[in-house]
Amino acid sequence: MDQTHIHLLITHLPIFGSLLGTLVLGYGIWKKNNTTKTAAHYIFIISALGAVIAYITGEGAEETVENIQGVSENIIEQHADFAAYALTALISVAVASLITIYFEFIKNSLAKSLTMVTLFLAIISFALVARTGYLGGQIRHTETSSSTNVQNGNEKNNEQGEKQDDDDDD
């Protein structure tokens, strides 16, 4: 298994992990359940570890796909740029989670405020990691791109125009 395979396997963990962690943390805050909030913090830490692995293997994956016909270097660069932001955000959430877990453990009153900060950071990180995943999908799944749909529509129009030109020759 090479870096490309690892990258493709692990990239979904930060996306779903950050979403799940945000939902679990929100539920834990709503129910005022420390065990649920702690579980969410662990989900964020695991998601950040997945993001680190995805980021590290991203360069190898880029080398694999950059010479494939139809792959846009521009999309790869956008994906890489957003990946750096998403990684930074997820690491921030993981650090905030670790600090919050520690403050909960020592029964410090700042734990409640840190939980809210973590939730705020988690929402931002999910948005960034979801955008990163979307751009990553555009690299090989061009059928989901709006520019592809426009291009395909233009090709269909050109084909119809050519057929009309052929009919006009009669």
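Trainee: What separates Tyr 27 and Trp 30 in helix H2?

Mentor: This is a predicted model. Helix H2 covers residues 12–31. Tyr 27 and Trp 30 are 3 residues apart in helix H2, so their separation is about one helical turn.

Trainee: How are the rings of Tyr 27 and Trp 30 arranged, by centre distance and plane angle?

Mentor: The structure holds 3 aromatic pairs. Tyr 27 and Trp 30 form one of them, with 5.9 Å centre to centre and 65 degrees between the planes. Planes over 60 degrees apart count as edge-to-face. The Tyr 27 and Trp 30 pair is therefore edge-to-face.

Trainee: Is Trp 30 buried or exposed?

Mentor: The relative accessible area of Tyr 27 is 43%, which makes Tyr 27 partly exposed. For Trp 30 the relative accessible area is 62%. The cut-off for exposed is over 50%, so Trp 30 is exposed.

Trainee: Which charged residue sits over the ring of Trp 30?

Mentor: The charged end in question lies 4.7 Å from the centre of the Trp 30 ring. It belongs to Lys 31.

Trainee: What is the angle between the ring planes of Phe 82 and Tyr 85?

Mentor: Both residues lie in helix H4 (residues 73–105), 3 residues apart, about one turn of the helix. The ring centres of Phe 82 and Tyr 85 are 6.2 Å apart. The pair is edge-to-face because its planes stand at 85 degrees.

Trainee: What is the relative accessibility of Tyr 85?

Mentor: Phe 82 has a relative accessible area of 26% and is partly exposed. Tyr 85 counts as exposed, at a relative accessibility of 54%.

Trainee: Which residue has its charged end over the ring of Phe 82?

Mentor: The distance from that charged end to the centre of the Phe 82 ring is 5.7 Å. The residue is Arg 131.

Trainee: Which element gives the largest share of the largest nonpolar core?

Mentor: The core has 10 residues in all, among them Ile 15, Ile 45, Leu 87, Leu 90 and Val 129. Two or more residues come from each of helix H3 (34–65) and H4. The largest share, 5 residues, is given by H4.

Trainee: How many residues are in the second, separate core?

Mentor: The members of this core include Leu 25, Ala 40, Phe 44 and Leu 119. The count for the second core is 6 residues.

How values were computed. Residues numbered from 1 in each chain as written. Predicted model: local features only at pLDDT ≥ 70, side-chain atom pairs only at ≥ 80, totals over all residues. Heavy atoms only, no water. Phe/Tyr/Trp six-rings, centres within 6.5 Å; stacked < 30°, edge-to-face > 60°. Helix = DSSP H or I, 4+ residues; strand = E, 2+ residues; numbered from the N terminus. Buried < 20%, exposed > 50% of the residue type's maximum accessible area, 1.4 Å probe, protein only. Lys NZ or Arg CZ within 6 Å of the ring centre and 35° of its normal. Core = buried A, V, L, I, M, F, W, Y, C linked by side-chain atoms within 4.5 Å.
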